[in-house]
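Subject: The structure we talked about

Hi there,

Here is the structure I promised to pass on. Have a look at it first, and then read my notes below.

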Amino acid sequence: MINGTLKRVVQDKNLTCSHRRLNEIRQNNDFECHKEPTHAVAPVKFREDRRIRNKITINKRIYSKSIQNSTNEEQDFTFLRNEVKFLKERLDNVTEIVEKGTKTGQKSVLYFVRLSSETTLNKNSIVKFDNVITDEAGNFNPGDGIFVSPVTGIYLFSWTVFTASSKIVDTELRVDNVIIDTMYAYIGIGSHVPATKIVLCQVKKGNHVWIQTTAHTTENVFANPTGSSKSSFTGMLVHEN
């Protein structure tokens with residue numbers, strides 16, 4: 001009886017020890033299962049992957065921004081080029097208006113000039129009509145007797161000469177030293193008769209127009225018979241081209 005009881009006590013004690021040992025093993029196993037590895041390989045790799053992804057994202061943003069900046073610069077350049085073209089066209093229009101003048105403010109191109117006194121000229125001499133009666137646009141120079149065309153167009157020119165009895169006046173109209181037409185005036189004894197010539201011709205802008213004696217007569221007498229009847233030269237723009 002005693003032996004049986006002692007045996008059960010020993011068994012219970014061993015069982016208790018076994019339970020304790022089992023609990024210790026379980027605790028150790030749980031600790032080992034939940035214990036983090038010494039070398040955190042996966043998190044390091046994750047951080048590297050995240051840095052790579054961030055770098056790719058940043059590069060994409062930089063590249064996209066670079067493309068956007070390039071596009072904006074091209075648009076700005078196109079805008080500025082169009083603005084310069086527009087301003088140039090406006091400047092050309094203003095320049096054309098200034099050169100031609102407005103219809104309301106532009107003066108007519110016409111003049112009427114006379115010789116102030118009796119004059120005798122040799123051959124190939126410009127007749128200097130020094131008495132300006134009218135010159136709307138101011139294109140006739142009484143100092144040298146030359147008209148300068150302000151615009152290209154069709155012009156009407158007319159000149160009248162008086163000569164003395166038995167004298168000759170042989171004249172011609174020249175445009176930039178090109179003979180356009182001539183007039184020979186000669187009268188008999190005892191009278192003063194005027195001679196007039198009218199010409200229509202094309203004249204370019206900047207051309208010089210004048211009356212001069214021809215190469216045939218050495219003594220051309222421009223008479224002043226009554227003091228008011230004088231040799232004269234007239235010109236006017238008929239149609240601008």
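Let me start with contacts, meaning heavy atoms within 4.5 Å. Among the protein's contacts between residues at least 6 apart in sequence, 71% join residues at least 24 apart. Please keep in mind that this is a predicted model, where local features need pLDDT of at least 70 and side-chain atom pairs count only at pLDDT 80 or more, while totals for chains, interfaces and linings use all residues. Residues are numbered from 1 along each chain as its sequence is written, and side-chain values use heavy atoms, with hydrogens and water left out.

The protein has two helices and twelve strands. These are DSSP runs numbered from the N terminus, with helices being H or I of at least four residues and strands E of at least two. Along the sequence the order is α-α-β-β-β-β-β-β-β-β-β-β-β-β.

Of the 241 residues, 24% are buried; that means under 20% relative accessible area, with exposed over 50% and partly exposed in between (1.4 Å probe, protein chains only). In soluble globular proteins, nonpolar side chains tend to be buried together. A nonpolar core is a set of buried Ala, Val, Leu, Ile, Met, Phe, Trp, Tyr and Cys residues joined through side-chain atoms within 4.5 Å. The largest one here holds 28 residues, and Phe157 and Phe233 touch the most other members. Among the elements giving two or more residues to this core are strand S1 (110–114), strand S6 (153–161) and strand S12 (232–240). Beyond its neighbours within four places in sequence, Phe233 is in contact with residues including Tyr111, Phe157, Trp159, Leu173 and Trp210.

Is Thr217 buried or exposed? Thr217 counts as buried because its relative accessibility is 13%. Thr217 sits in the loop between S10 and strand S11 (220–222). Leaving out neighbours within four places, Thr217 is in contact with Asn122, Lys123, Ile168 and Asp170.

Leu200, in strand S9, is a contrasting case: Leu200 is exposed, at 57% relative accessible area.

Finally, two asparagines have a positive phi. For Asn124, in the loop between strand S2 (119–121) and strand S3 (131–135), phi is near 55 degrees. For Asn177, in the loop between S7 and S8, phi is near 70 degrees. Asn124 is partly exposed, at 43% relative accessible area, and Asn177 is partly exposed at 48%.

Happy exploring!
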